[in-house]
Amino acid sequence: MSQKRHRLVPQTLGLKRRRERGPVDADALRGESGSARAAVAELVRLFPRGLFEDALPPIALRSQVYSLVPDRTAADRQLKELQEQGEIRVIQLGFDLDAHGIIFTEDYTTRVLKACDGRPCAGAVQRFLASVLPACGDLSFQQDQMTQTFGFRDSEITHLVNAGVLTVRDVGSWWLAVPGAGRFIKYFVKGRQAVLGMVRKAKYREVLLSELLGRRAPAAVRLGLAYHVHDLIGAQLVDCISTTSGTVLRLPET
Amino acid sequence: MLGFLSARQAGLEDPRRFRRAESTRRVLGLELNKDRDVERIHSSGVNTLDIEPVERRYMLSGGSDGVIVLYDLENSSRQPYYTCKAVCSVGRNHPDVHKYSVETVQWYPHDTGMFTSSSFDKTLKVWDTNTLQTADVFNFEETVYSHHMSPVATKHCLVAVGTRGPKVQLCDLKSGSCSHILQGHKQEILAVSWSPRYDHILATASADSRVKLWDVRRASGCLITLDQNNGEKSQAAESANTAHNGKVNGLCFTSDGLHLLTVGTDNRMRLWNSSSGENTLVNYGKVCNNSKKGLKFTVSCGCSSEFVFVPYGSTIAVYTVYSGEQITMLKGHYKSVDCCVFQSNFQELYSGSRDCNILAWVPSLYEPLPEEDETKTKSRLNPAFEDAWSSSDEEG
């Protein structure tokens with residue numbers, strides 16, 4: 001049974017705890033607490049730019065933000081505010097309905113422009129980035145929205161899909177996408193399984209966090225152990241238990 | 001607490017505020033206590049529990065073997081160690097016992113003279129508590145997953161029944177027949193719940209991922225179908241108009257009836273505004289849900305910030321309702337927990353699980369004071385913990 005009882009009505013209740021627990025222990029990963037914006041900035045620093053030759057904007061995941069900002073509802077709300085202000089774009093990564101990638105808008109626009117430089121679709125892409133992105137902060141776009149509100153012709157939409165900016169989702173609707181993100185998603189899924197496998201193969205299916213981060217990353221993990229560990233903690237694929245020797249990652253029993 | 005007491009006495013504090021603060025403190029201190037036990041009668045999993053709303057003294061439990069047991073929760077002995085005894089039970093040798101597993105039991109909301117039980121044997125039985133005979137039986141074509149009677153209704157005696165078929169049936173206790181049918185769902189109805197605020201509002205949850213709110217006085221279809229995206233098309237097209245991305249297993253209104261909690265097999269719990277149908281987007285994290293039938297969870301009542309107790313595998317997870325924070329996991333059962341109920345008079349939680357046990361979670365705040373007199377402490381000990389050997393050096 002967890003001994004961490006959180007104070008809800010702080011001083012008025014004077015809840016007598018059996019064992020006084022300090023705040024969540026700040027070790028290498030959990031140092032950040034605070035806003036979602038700071039969390040995204042820190043996660044973006046963990047992203048290996050060199051691996052993709054700087055062609056991909058640094059992508060953080062929503063589950064990683066949850067691991068740095070423990071209050072999920074507040075994290076969701078702050079991310080939504082950032083999305084509405086236009087500072088970040090949320091992208092649907094194809095492998096899981098809940099997995100959303102978070103990218104800073106300036107990174108996204110610079111990389112996309114660089115990727116489609118000199119190609120025939122450049123004009124349509126530039127128009128899209130200039131007119132649609134600031135106006136509509138959603139993850140996906142509908143046919144009537146694109147043709148009526150923003151005045152894109154079908155040929156231009158085909159250009160956008162070819163450039164990798166839009167991905168077909170359904171008849172007449174498209175997801176916003178990052179050109180060249182396929183490689184990232186492949187490395188990510190493989191790396192997630194590999195790190196989960198490292199925890200699974202450990203004795204008692206639990207691993208000390210500091211020890212896991214100090215291990216040599218297996219070949220399947222290209223994005224870095226810290227990146228994947230944040231994602232696993234936030235997606236609740238591992239339980240994070242604080243012990244006297246530090247944080248332990250344990251596979252949930254179910 | 002002394003500060004609260006003196007402030008209340010002086011008139012500086014509202015007495016209700018003190019009551020809510022103390023209730024919240026007690027709920028935060030819930031744990032298993034060796035002094036409180038519930039007598040074990042069931043020989044198979046306990047599927048459902050219900051505490052009567054009048055005195056909060058008697059509890060009904062329904063098991064997978066069709067047995068229904070009535071417990072007295074009140075501690076009338078002077079000892080701190082107390083087992084909640086079974087007052088009576090509808091056992092396997094009772095002529096009217098359900099043939100298969102009892103899925104839901106509910107006390108008649110206005111007194112303890114009657115209770116209703118529904119089971120996989122396609123019946124809903126109305127029992128007279130004092131004679132333990134069935135007063136009425138409603139038969140259906142499909143297995144019954146869940147039923148509920150409105151706790152605030154004075155103008156009607158309708159019992160909403162959710163079965164394997166897609167139609168919600170409303171049975172009238174006064175006339176003894178099904179009065180009407182609500183159509184709209186496409187698959188089996190796993191949970192039904194009346195609103196504790198309005199006697200005509202009913203919520204139903206179905207395996208087709210939809211939760212619908214109905215006004216039973218209207219002849220046309222449902223009032224609202226809850227949509228997890230709140231109408232935004234930017235999320236997946238497949239989840240349009242659905243409350244969850246999987247079957248919706250459990251429904252619970254908060255005690256004031258203004259919000260509705262739903263759990264689904266997509267391992268999520270969502271909080272909805274029950275008047276507008278809007279998803280409040282409170283994020284509880286992963287709420288593991290592997291149940292193939294309904295999951296019965298409960299909300300606390302009378303605390304300053306309400307808590308929801310959800311069966312999570314073989315533990316019970318406690319969250320604050322409006323902020324989504326996980327408070328604790330109550331561990332104690334050996335197998336998966338199926339149901340839990342909250343006794344709001346003493347802030348106790350009773351939970352039933354597939355390991356045939358009903359556990360009582362009691363607020364533990366103070367250690368008992370050590371008694372000066374030694375004989376008195378001995379009499380307080382549970383005989384199971386007493387030593388059988390003598391401490392003297394002589395033999396025997």
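Where in chain B does UniProt place the feature "repeat: WD"? The record, an unreviewed entry, places it at residues 39-81, 95-137, 182-217, 241-282 and 330-361 of chain B; UniProt positions are given in the numbering used here, feature names are shortened, and annotations may be inferred rather than shown by experiment.

This is a predicted model, in which local features need pLDDT of at least 70 and side-chain atom pairs count only at pLDDT 80 or more, while totals for chains, interfaces and linings use all residues. Residues are numbered from 1 along each chain as its sequence is written, chains are lettered from A and ligands numbered from 1 in the order in which they are written, and side-chain values use heavy atoms, with hydrogens and water left out.

View 1. Helices (H or I, at least four residues) and strands (E, at least two) are DSSP runs, numbered from the N terminus. Residues 95-137 of chain B are 53% strand and 0% helix, with end C-alpha atoms 13 Å apart, and residues 330-361 of chain B are 59% strand and 0% helix, with end C-alpha atoms 9 Å apart. The pLDDT, the predictor's confidence in each residue from 0 to 100, averages 88 over chain B, where 93% of the residues score at least 70. Within chain B, confidence is highest in strand β9 (residues 114-119), at a mean of 95, and lowest in helix α3 (residues 374-380), at 51. For the complex, the predictor gives an ipTM of 0.79 and a pTM of 0.85.

View 2. Rings of Phe, Tyr and Trp (its six-membered ring) pair if their centres lie within 6.5 Å, and planes under 30 degrees apart count as stacked, over 60 as edge-to-face and the rest as tilted. The structure holds 16 aromatic pairs over all chains; one of them, A:Phe47 with A:Phe52, is stacked, at 5.8 Å centre to centre and 20 degrees between the planes. Ring pairs link A:Phe47, A:Phe52, A:Phe95, A:Phe184, A:Tyr187, A:Phe188 and A:Tyr227 into a cluster.

View 3. A disulfide is a pair of cysteine sulfur atoms within 2.5 Å, and the structure holds zero disulfides over all chains. B:Cys171 is in no disulfide, and its nearest cysteine sulfur, that of B:Cys178, is 3.5 Å away. B:Cys171 is buried, with a relative accessible area of 0%, whereas B:Cys178 counts as partly exposed at 34% (buried means under 20% relative accessible area, exposed over 50%, partly exposed in between; 1.4 Å probe, protein chains only).
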